[in-house]
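Here is a short briefing to read beside the model. Please keep the 3D view open as you go through the points.

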Amino acid sequence: MKRSRINEIMAEADDMIRSYGFVLPPWAYWTPEEFKARASEAQAVIDARCGWDITDYGAGRYDEMGLFLFTLRNGRLADLQRGGGMCYAEKLLISKQDQLSPMHTHVIKAEDIINRGGATMVIELYGSDGDGNFDETAGGVVMCDGIRRTFAPGEKLKFSPGESVTLMPGDWHAFWGEGGDVLIGEVSTVNDDETDNIFREPIGRFANIEEDEAPTHLLVSDYKTWLS
C-alpha cells in the first residue's frame, strides 16, 4: 500500500469514528516526530502494539480485501497465562461495504465482535476439525448477545447496529459490511496480531508499504523501524 493511501484512510476513519461520538486517545494524533520524542513515556503503548493498523493482507487490493483497525488497549500474555491482571484487549475496526476480512481463526483469543454503528455486519462462519483446522463440513455454536445460536457450515450471520457475536478459538470467520460501511468494536482476551491470526489461505497480516510521502501517524507495524 502507498503511504499516501494509508494517510487518507486514517483521516477518513477518524471522521467516521468521531461521527459516532467516539474519540481516539490523545497519543493517536501524535506525529512520528512526537512519538519518537515521547517513546519512553509511551513504552507501554509500544510494547502492547496499540494504535493504528491498516492492512490489505499484502494483496494490494485494500478496497476488496482489507481492514482498518485501531487497538485502544491490550493486556499482557503473561497475565493471561497466570490467570490474573490485564487479560483483555479492545479495538475499533471499520469494515467497508463488501470489503472482505478473509477467513481466519485464533488459537488463544476469544472475542466479542460488535456492530457499533453503520450498515449491516456480515460474518461467515465455519467450525473446526478435531485439531482446530478449517473444516468446510463443520458448523458450530456461537453466542449472539448472550443468546445461543447454532450455525451451519458457511452460514452468513447478519448483525445490525447494537448486535454482537462471541467467537471462540477454533471458530473460523470472515466478515464484511453489507449495504455500507460498519464501525465495529472488538473486546477480547489479550491480542497478538503477529502470531495469533491463522488464515485459511497463505496471506500476510500486515501491508507492505511504499513510502511515497511522510506518514501522518505511525502504524503499529512502524514501531520497530521508526522507534528503534
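**Aromatic pairs and overall build**

Searching the whole structure turns up eight aromatic pairs, meaning Phe, Tyr or Trp rings (for Trp the six-membered ring) with centres within 6.5 Å, called stacked when the planes are under 30 degrees apart, edge-to-face when over 60 and tilted for the rest. This is a predicted model, in which local features need pLDDT of at least 70 and side-chain atom pairs pLDDT 80 or more, while totals for chains, interfaces and linings use all residues. Residues are numbered from 1 along each chain as its sequence is written, and side-chain values use heavy atoms, without hydrogens or water.

**Phe 35 and Tyr 223**
- These two rings make a tilted pair, 5.4 Å centre to centre with 45° between the planes.
- Phe 35 sits in helix α2 (residues 32-37) and Tyr 223 in helix α5 (residues 223-226), so the pair ties together parts 188 residues apart in sequence; helices are DSSP runs of H or I with at least four residues, strands runs of E with at least two, numbered from the N terminus.
- Phe 35 and Tyr 223 are buried (under 20% relative accessible area with a 1.4 Å probe, protein chains only; exposed is over 50%, partly exposed in between).

**Trp 52 and Phe 70**
- Trp 52 belongs to strand β1 (residues 51-55) and Phe 70 to strand β2 (residues 67-74), 18 residues apart.
- Trp 52 and Phe 70 are both buried.
- One aromatic cluster is formed by Trp 27, Trp 52, Phe 68 and Phe 70.

**Whole protein**
- The protein has five helices and 12 strands.
- Of its 228 residues, 51% count as buried.
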